[in-house]
Amino acid sequence: MSHGGMDRLHRHLSRFIAIDILLLVLMLTTSSTSGSPTVYLFHLIVILMLVPLGVICLAFMIRRRPYGISLGIACLGLTGSAFLLIGGWGVIGYLTDSSESILFPVLLTLLGVSTLRKIPTMKNPSYMAWYGSQYEEGVAAVVADHEVLATCPTCHSILAIIPDALSSSDMCPNCRMALVLSEDE
């Protein structure tokens, strides 16, 4: 596999950030604040903070500029946290009978978790080396033709693996958990 795998990963992360920001802005600008000044202020702060951060982050990431990864991590962390917070408020509203819908808050909570799970991928040394076009000893940004990039099911580290050579005894070098479930499980 050549740089193409990292290019696709990079495009995926950039699109994910753009879609997250767009969804958050659409959701906050179209939802009712119920006349509560606190909720209105929260919506305003989130929009005024995350929209400029998202635009700057995407501009830096698409051009692979310095600090793009740091901005991306910050953007994913803040956006994911906002989704979790809004989803949590919705679940609490449903449980206290002040809201009739549980689907939307649950979906927002899942989106928040999914967004936060992208952060370890951006912190991965292989991705960081590829992003900065720096090749440190022991960090392979380019994998051989017979290898593929995969993520650990436990810690989500990016690994170069040989699919045909994987066995149930193979462990992740980062978290020491099994990469493949045994056939008995």
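The chain comprises six helices and two strands, where helices (H or I, at least four residues) and strands (E, at least two) are DSSP runs numbered from the N terminus. The model is a predicted one, in which local features need pLDDT of at least 70 and side-chain atom pairs count only at pLDDT 80 or more, whereas totals for chains, interfaces and linings use all residues. Residues are numbered from 1 along each chain as its sequence is written, and side-chain values use heavy atoms, with hydrogens and water left out. Read from the N terminus, the order of elements is α-α-α-α-α-α-β-β. Of the 185 residues, 34% count as buried; buried denotes under 20% relative accessible area, exposed over 50%, and partly exposed the range in between (1.4 Å probe, protein chains only).

The second largest pocket has a volume of about 230 Å³. Among the 14 residues that line this pocket, Leu9, Lys118, Thr121, Thr151 and Ile158 are the closest to its centre. A pocket is here an open set of points on a 1 Å grid over the protein atoms alone, where a 1.4 Å probe fits and protein lies on both sides within 12 Å along at least five of seven lines; lining residues have an atom within 4 Å of a point. Grid points are joined across faces, edges and corners, and the volume is the space filled by probe spheres set on the points. Helix H1 (3-30) and strand S1 (148-151) each supply at least two residues of the lining, and the largest share, five residues, comes from H1. By residue class, the lining of the second largest pocket divides into six nonpolar, six polar and two charged residues. In this classification Ala, Val, Leu, Ile, Met, Phe, Trp, Tyr, Cys and Pro are nonpolar, Asp, Glu, Lys and Arg are charged, and the others, Gly among them, are polar.

A nonpolar surface patch of about 660 Å² is made by Tyr40, Leu41, Leu44, Ile45, Leu48, Met49 and Leu78. Patches are made of residues with over 30% relative accessible area and no salt bridge; nonpolar side chains (Val, Leu, Ile, Met, Phe, Trp, Tyr) are joined within 5 Å, and like charges within 9 Å. Accessible areas come from the Shrake-Rupley method with a 1.4 Å probe, and for residues only the protein chains shown count as cover. A salt bridge requires a side-chain nitrogen of Lys or Arg within 4 Å of a carboxyl oxygen of Asp or Glu. Helix H2 (residues 37-62) gives the most to the patch, with six residues. Ile45 lies in H2 and is partly exposed, at a relative accessible area of 46%.

Helix H2 also contains Leu53, which counts as buried at 16% relative accessibility. The C-alpha atoms of Leu53 and Leu71 are 7.5 Å apart in space, with the two residues 18 apart in sequence. Ser31, found in the loop between H1 and H2, is partly exposed with a relative accessible area of 31%. A C-alpha separation of 9.4 Å was computed between Ser31 and His43, which are 12 residues apart along the chain.

Most residues other than glycine have a negative phi. Arg64, however, has a positive phi, near 55°, and counts as partly exposed at 29% relative accessibility. Tyr67, in the loop between H2 and H3, likewise has a positive phi, near 70°, and is exposed with a relative accessible area of 65%.
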